[in-house]
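Hi everyone, thanks for coming. Please have the sequence and the viewer open, and follow along with me as I go.

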Amino acid sequence: QVQLVESGGGLVQPGGSLRLSCAASGSIFRIYSMGWYRQAPGKQRELVATITTGGSTNYLDFVKGRFTISRDNANNTVHLQMNSLKPEDTAVYYCNGQTYDGTYWGQGTQVTVSS
């Protein structure tokens with residue numbers, strides 16, 4: 001099993017920055033991709049960014065150039081640096097870990113962008 005714990009959410013003004021962190025534990029050797037998804041009220045959950053064990057990344061078009069996903073292998077942690085935040089980024093952000101036989105989710109952390 002894989003356990004994922006997110007941190008770093010909060011309230012920020014438009015144009016501000018936040019950094020989300022996701023710490024993985026358990027059978028981490030099984031993970032080949034990690035990422036971040038988000039879900040706003042009344043909307044479907046959408047992929048924000050992913051990073052593979054090989055370092056390949058992909059992003060939701062709306063966040064390209066503003067968000068950066070990275071890995072900290074020493075701490076089994078994935079980060080999402082979010083800059084130039086917009087009100088449309090307001091959502092619960094969920095850490096995701098993909099293994100060859102399952103998908104794992106964190107509990108979610110709230111990000112609110114408001115003036």
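Let me begin with a word we will need: a residue is called buried when its relative accessible area is under 20%. One more thing before we look around: this is a predicted model.

Let's start with the cysteines. How many disulfides does the structure hold? There is 1 disulfide, and it joins Cys-22 to Cys-95, with 1.9 Å from S to S. Try to find both ends on your screen. Cys-22 sits in strand 3, residues 18-26, while Cys-95 belongs to strand 9. The two are 73 residues apart, so this pair links distant parts of the chain. Looking along the S-S bond, we get an angle of -85°, and the link is left-handed.

Now, are these cysteines buried or exposed? Cys-22 has a relative accessible area of 0%, and because that is under 20%, Cys-22 is buried. Cys-95 also comes out at 0% relative accessibility, so Cys-95 counts as buried.

Next, let's move to the loops. Go to Asn-76, in the loop between strand 7 (67-72) and strand 8 (77-82). Its phi is near 50°, which is a positive value in a residue other than glycine. Asn-76 is partly exposed, with a relative accessible area of 34%.

Then follow the chain to Ser-84, in the loop between strand 8 and strand 9, where strand 9 covers 91-99. Here again phi is positive, near 50°, and the residue is not a glycine. Ser-84 has 39% relative accessibility and counts as partly exposed.

Definitions and conventions:
Residues numbered from 1 in each chain as written. Predicted model: local features only at pLDDT ≥ 70, side-chain atom pairs only at ≥ 80, totals over all residues. Heavy atoms only, no water. Helix = DSSP H or I, 4+ residues; strand = E, 2+ residues; numbered from the N terminus. Buried < 20%, exposed > 50% of the residue type's maximum accessible area, 1.4 Å probe, protein only. Disulfide = S-S within 2.5 Å.
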